[in-house]
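Open the model in your viewer and keep the sequence panel beside it. The stops below tell you what to select and what is there.

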Amino acid sequence: MSEKHLTKKDLWSVLWHQMAIRGANNYERQQNAGFVQAMIPVIDRVYDTDEEKKAAYERHLEYFLTQDMVTAIPIGIAAAMEESHANNPHMDPSSINAVKTALMGPLAGLGDSLLNGTARPILASIGISFIEAGLGWVGPIFFVIGMAIISLGVRYIGVFSGYDQGVKLVHKISSSGLIDKITDIAAIAAYTIVGGFIPLLVY
């Protein structure tokens, strides 16, 4: 039996499917339906039988919740692990969900602090300053385009690097202390920039 491998086209399809991660949020298992949707191109590519596909879909219907944009990282890693499982049936498939579960908390903290708590308010503050300067629609357009670039960039890196590096990517980032360093620097930058606008916006 020849080995199954995901193509770049498959990964691009995963990326576009991942964009709708919040499209089916629910109070029981949160982002699980969106995660399954992102895995459709992977499951269709690496598994042949209906039984194998059903098992994979059920596997990813387990509870999952983290920051929306950074879900691309565990999705990319899960894609690599599903490919490995398809080529090595002796691999324990429960390890796939174990990795996903282990990533939820750290990635939620990273995504919320850097993206929701830093990038978004910085871009919003700059956009508001454009409006205050009389530039009208430049502010909202700047904010939307800026957030779109960040969102697409994070999702692209998450899916493609997550797939290429697998579990090693997360271990590498965590062991280097890079997450803590980036979070501290980003927080300082956010406080400085947002604080600088207070005299201009508060009367």
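This is a predicted model: local features need pLDDT of at least 70, side-chain atom pairs count only at pLDDT 80 or more; totals for chains, interfaces and linings use all residues.

Select Phe 160 and show what surrounds it: Phe 160 touches Lys 8, Leu 11 and Trp 12, leaving out residues up to four places away in sequence. Contact here means heavy atoms within 4.5 Å. Phe 160 sits in helix H6; helices (H or I, at least four residues) are DSSP runs, numbered from the N terminus. Phe 160 counts as buried because its relative accessibility is 9%. The cut-offs are under 20% relative accessible area for buried, over 50% for exposed, and partly exposed in between, with a 1.4 Å probe and protein chains only.

Residues are numbered from 1 along each chain as its sequence is written, and side-chain values use heavy atoms, with hydrogens and water left out.

Next, select Val 159. Leaving out residues up to four places away in sequence, Val 159 touches Leu 11, Val 14, Leu 15, Ala 72 and Gly 76. Which residues of the largest nonpolar core touch the most other members? Of its 39 residues, they are Leu 6, Met 39, Val 42, Ile 75 and Val 159. Helices H1 (8–18), H2 (32–46), H4, H5 (94–132) and H6 (138–165) each supply at least two residues of this core. A nonpolar core is a set of buried Ala, Val, Leu, Ile, Met, Phe, Trp, Tyr and Cys residues joined through side-chain atoms within 4.5 Å.

Now turn to charged pairs. The whole structure has 5 salt bridges, each a side-chain nitrogen of Lys or Arg within 4 Å of a carboxyl oxygen of Asp or Glu. One of them joins Asp 48 to Lys 4, with the closest N and O atoms 2.7 Å apart. Asp 48 is in the loop between H2 and H3 and Lys 4 in the segment before H1, 44 residues apart. Asp 48 is exposed at 51%, whereas Lys 4 is buried at 15%.

Select Glu 82 and Arg 59 for another salt bridge, where the closest N and O atoms are 2.8 Å apart. Glu 82 is in helix H4 and Arg 59 in helix H3, so this pair ties together parts 23 residues apart in sequence. Are these two partners buried or exposed? Glu 82 is buried, at 0% relative accessibility, and Arg 59 is buried too, at 12%.

Last, show the second largest pocket, with a volume of about 150 Å³. Its lining has 12 residues, and Tyr 47, Glu 52, His 85, Ala 86 and Pro 89 lie nearest its centre. H3 (50–59) and H4 (72–87) each supply at least two lining residues, and the largest share, 3 residues, comes from H3. On a 1 Å grid over the protein atoms alone, a pocket is an open set of points where a 1.4 Å probe fits, with protein on both sides within 12 Å along at least five of seven lines; lining residues have an atom within 4 Å of a point. A volume is the space filled by probe spheres set on the points.
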